[in-house]
Amino acid sequence: MSVCIPVYNGEQTIVRAVRSALNQSYSNLEVIVSDNCSTDNTVAFLKEAFPNPDNYRLLTRERNHGMLNNFIHSAQMCTGNYVMTMGADDELPRTAIVDLMSLLDKGSAI
């Protein structure tokens, strides 16, 4: 499972969003953040908060590609069998992905 988080100028919320994704009870998970050339401290805050996690990648764009293209880019960089996106100002409950995978395993409509 991959969680992609496109972000632009999200310094106020991005660390909480990423932390909630990384702290999931589901273990086979990658988290990809694609920064769309933020002009605030988004990248610095992320680098300070998450210096070396195994299942996390920070992608930094050299120029702003617009919201949709950044979203597509982050999804294309995922390697999981399933891809979930979340906003830079969202937070996931600890069991959100376990619950989601349970529904997918049962073939339930979402």
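Modeller: We will go through helices, a core, a crossing and some loop residues.

Colleague: What should I know before starting?

Modeller: This is a predicted model, where local features need pLDDT of at least 70, side-chain atom pairs count only at pLDDT 80 or more, and totals for chains, interfaces and linings use all residues. Residues are numbered from 1 along each chain as its sequence is written, and side-chain values use heavy atoms, with hydrogens and water left out.

Colleague: Which residues of helix H2 are buried?

Modeller: H2 covers residues 42-49, and its buried residues are Thr 42, Val 43 and Leu 46. They sit on the same side of H2, because they cover an arc of only 95° around the axis. That arc is taken from the directions from the helix axis to the C-beta atoms.

Colleague: How do I read a nonpolar core?

Modeller: It is a set of buried Ala, Val, Leu, Ile, Met, Phe, Trp, Tyr and Cys residues, joined through side-chain atoms within 4.5 Å. The largest one here has 22 residues, and Ile 5, Ile 14 and Val 18 touch the most other members. S1, H1, S2 and helix H4 (96-106) each give two or more residues to this core. H1 gives the largest share, six residues.

Colleague: What does Ile 14 touch?

Modeller: Leave out residues up to four places away in sequence. Ile 14 then touches Ile 5, Val 7, Val 33, Thr 42, Leu 46 and Ala 88.

Colleague: How do the axes of H1 and H2 cross?

Modeller: Axes are lines fitted to C-alpha atoms, for helices over the stretch in contact, and angles run from 0 to 180 degrees between N-to-C directions. The H1 and H2 axes come within 9 Å and cross at roughly 40°. That makes H1 oblique to H2. As for the classes, under 35 degrees counts as roughly parallel, over 145 as roughly antiparallel, 65 to 115 as roughly perpendicular, and the rest as oblique.

Colleague: Which residues make the contact?

Modeller: From H1 come Ile 14, Val 15, Val 18 and Arg 19; from H2 come Thr 42, Phe 45, Leu 46 and Ala 49.

Colleague: What about Thr 42 on its own?

Modeller: Thr 42 lies in helix H2. Its relative accessible area is 0%, so Thr 42 is buried. Beyond four places in sequence, Thr 42 touches Val 7, Asn 9, Gly 10, Glu 11, Ile 14 and Asp 35.

Colleague: Where is Gly 10?

Modeller: Gly 10 is in the loop between S1 and H1. Gly 10 is buried, at a relative accessible area of 7%. The C-alpha atoms of Gly 10 and Asp 40 are separated by 7.7 Å, although the two are 30 residues apart along the chain. Neighbours within four places aside, Gly 10 is in contact with Asp 40 and Thr 42.

Colleague: How should I read phi?

Modeller: Most residues other than glycine have a negative phi. Asn 9 is not a glycine, yet has a positive phi of about 50°. Asn 9 is in the loop between S1 and H1, and is partly exposed at 30% relative accessible area. Cys 37 also is not a glycine and has a positive phi, about 65°. Cys 37 is in the loop between S2 and H2, partly exposed at 28% relative accessibility.

Colleague: Is Arg 94 buried or exposed?

Modeller: Arg 94 counts as exposed, at 54% relative accessibility. Arg 94 is in the loop between strand S4 (83-85) and H4. Not counting residues up to four places away in sequence, Arg 94 touches Asn 23, Gln 24 and Ser 25.

Note on methods:
Buried means under 20% relative accessible area, exposed over 50%, partly exposed in between (1.4 Å probe, protein chains only). Helices (H or I, at least four residues) and strands (E, at least two) are DSSP runs, numbered from the N terminus. Contact means heavy atoms within 4.5 Å.
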